[in-house]
Amino acid sequence: MTATDLSPQLDPALDPDLDLDPSAGPLPWESWRSRPAAQQPSWPDRPALRAVTGELAGYPALVAAGECDLLRERLAAAARGEAFLLQGGDCAETFDGVSEQQIRAKLQVILQMAAVLGYAASVPVVKVGRLAGQYAKPRSRPTETRGALSLPVYRGDAVNAPGFSRTARIPDPERLKRMYHASAATLDVIRSCVSGGAADLRAAQERNRDFAGRSPADAPYGRLVDEIDRALRFLAASGADPELLPTTEFFTSHEALLLDYESALVRTDPRTGARYDTSAHMVWIGERTRQPDGAHIAFAAGIRNPIGVKLGPTATADEALALIDLLDPEREPGRLTFITRMGADRIRAVLPDLVRRVTDSGAQVVWVCDPMHGNTFEAPSGHKTRHLSTILAEVEGFFDVHRALGTHPGGLHLELTGDHVTECLGGTHEVLPHDLHDHYETACDPRLNRSQSLDLAFLVAEIHRSTGPAQGTSPARSRR
């Protein structure tokens with residue numbers, strides 16, 4: 001990452017009250033304004049919203065177009081089977097969580113996981129955080145009822161507050177500015193870590209060695225850590241300095257849910273005239289907002305960033321192909337990532353037809369597994385939770401499907417934190433149902449804690465090592 005920003009240029013489409021000449025036809029990216037937009041807050045003060053988005057439109061870009069282009073190149077390698085994407089971070093960031101310590105902890109656990117996965121897969125790991133913008137969440141219901149009182153549901157700190165009161169739950173446009181400043185502060189910490197050596201491969205390996213040493217005796221992590229140590233010593237003996245290896249690139253992403261905010265941060269790149277959503281390097285469209293005729297897909301079609309789309313167990317191959325036509329008409333590797341969230345009990349039944357049909361179409365997408373969202377259940381205590389063993393089972397199914405088809409399992413998309421929370425069950429330092437109340441701190445969905453995240457990385461590394469490289473041509477079967 002670099003600290004370069006684009007000079008903000010206010011596009012006409014950023015002002016919903018601006019009259020356009022109908023004879024000129026709609027701007028391609030502006031068509032989203034006339035489409036149905038799911039999961040948007042009911043802002044009670046529309047003039048205040050317009051004032052805030054107008055102000056945001058004049059703010060500096062959070063990321064640079066060139067950084068987005070670099071990520072697209074890295075994802076193109078993943079689409080070709082030459083890299084692996086690790087995307088992780090909070091379910092929903094909070095304004096109170098913008099501390100250097102917490103941000104560093106998330107970054108460090110992602111880097112530790114990347115070191116393990118990269119060695120096991122023998123390919124570069126593209127590191128993308130669910131960070132610096134994941135402040136809004138789609139919800140299954142518009143209201144929440146407690147007793148006789150029904151209030152608007154909490155939609156993330158970008159919209160309202162979690163407290164159950166009328167004042168707290170009123171959607172407040174001023175929070176969009178807080179979201180921008182919190183994202184900028186998070187990016188500053190990330191850039192400081194990357195440029196200051198905290199992202200060095202040897203530092204990540206040192207932390208992995210400490211983790212393996214603290215793991216239970218029956219955890220088979222020490223052997224792999226020793227192998228990575230030997231590889232690093234060999235590189236040093238050969239004159240290759242591990243500090244100079246390309247291990248410190250780090251990109252950001254979030255769900256492009258609040259279209260008023262996202263559109264206010266669209267900037268035109270003076271190099272090419274292309275539009276970029278400069279709120280993040282990559283944005284994705286969620287399972288609840290991926291309607292082909294909806295506003296979110298139309299918005300994503302008009303920006304140059306790498307785009308992700310979540311596909312749940314009801315997704316069909318025809319829907320996936322329609323999304324490719326809309327979002328990746330040029331069939332450009334690295335442009336489109338499909339993030340599947342099927343559930344451990346359904347992935348082997350649903351995923352094969354999707355992968356087969358998309359591959360046969362000639363599209364080169366990155367296939368990524370989100371093993372979190374399809375495996376959530378309610379514990380007897382009432383806490384939403386997930387079990388690490390079920391999360392791993394979906395990952396195993398994801399790899400099995402791709403191995404059988406000769407395609408490339410391109411990455412993982414995880415909700416995790418670097419803190420020692422008790423939100424998901426299982427792990428070598430096991431969290432049991434009666435532990436959930438100890439440190440259940442998530443603003444929305446349960447996250448893997450630091451130990452569970454590293455457990456998963458080592459377990460996925462064993463899957464890589466036991467199956468070897470994919471047979472056939474993942475990108476191999478696609479038409480070029």
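Helices H1 and H5 are roughly parallel to each other, a term for angles under 35 degrees, where over 145 is roughly antiparallel, 65 to 115 roughly perpendicular and the rest oblique. The model is predicted, so local features need pLDDT of at least 70 and side-chain atom pairs count only at pLDDT 80 or more, while totals for chains, interfaces and linings use all residues. Residues are numbered from 1 along each chain as its sequence is written, and side-chain values use heavy atoms, with hydrogens and water left out.

Two packed helices are described by the angle between their axes and the distance between the axes. H1 covers residues 46-56 and H5 residues 174-195; they pack at about 25°, with axes 8 Å apart. Helices here are DSSP runs (H or I, at least four residues; strands are E, at least two), numbered from the N terminus. The axes are lines fitted to C-alpha atoms, for helices over the stretch in contact, and angles run from 0 to 180 degrees between N-to-C directions. On the H1 side, Leu-49, Val-52, Glu-55 and Leu-56 meet Glu-174, Leu-176, Lys-177 and Tyr-180 of H5, where contact means heavy atoms within 4.5 Å. This contact of H1 with H5 has five nonpolar, no polar and three charged residues. In this scheme Ala, Val, Leu, Ile, Met, Phe, Trp, Tyr, Cys and Pro count as nonpolar, Asp, Glu, Lys and Arg as charged, and the others, Gly among them, as polar.

The next pair is H11 (residues 347-360) and H12 (residues 388-405), which pack at about 40° with their axes 9 Å apart. H11 and H12 are therefore oblique to each other. Their crossing is right-handed, meaning that the near helix is turned clockwise from the far one by less than a right angle (anticlockwise for left-handed). Residues of H11 in the contact include Leu-351, Pro-352 and Val-355, and those of H12 include Phe-398, Val-401 and Leu-405. By class, the contact of H11 with H12 holds eight nonpolar, two polar and five charged residues.

H3 (residues 100-121) and H13 have axes that come within 8 Å and cross at roughly 15°. These two helices are therefore roughly parallel to each other, and their crossing is right-handed. Among the residues that meet are Val-109, Met-113 and Val-116 in H3, and Leu-454, Phe-458 and Ala-461 in H13. The contact of H3 with H13 divides into 13 nonpolar, four polar and two charged residues.

The structure holds eight aromatic pairs, counted when rings of Phe, Tyr and Trp (its six-membered ring) have centres within 6.5 Å; planes under 30 degrees apart are stacked, over 60 edge-to-face and the rest tilted. Phe-211 and Tyr-221 are stacked, because their ring centres are 5.7 Å apart and their planes at 20°. Phe-211 lies in H6 (residues 201-214) and Tyr-221 in H7 (residues 221-237), so this pair ties together parts 10 residues apart in sequence. Phe-211 is buried at 9% relative accessibility, a label for values under 20%, with exposed over 50% and partly exposed in between (1.4 Å probe, protein chains only). Tyr-221 is also buried, at 3%.

Phe-211 also forms a stacked pair with Phe-458, 6.0 Å centre to centre with 20° between the planes. Phe-458 belongs to H13 (residues 450-467), so its pair with Phe-211 in H6 ties together parts 247 residues apart in sequence. Phe-458 is buried at 2% relative accessibility. Phe-211, Tyr-221 and Phe-458 form one aromatic cluster.
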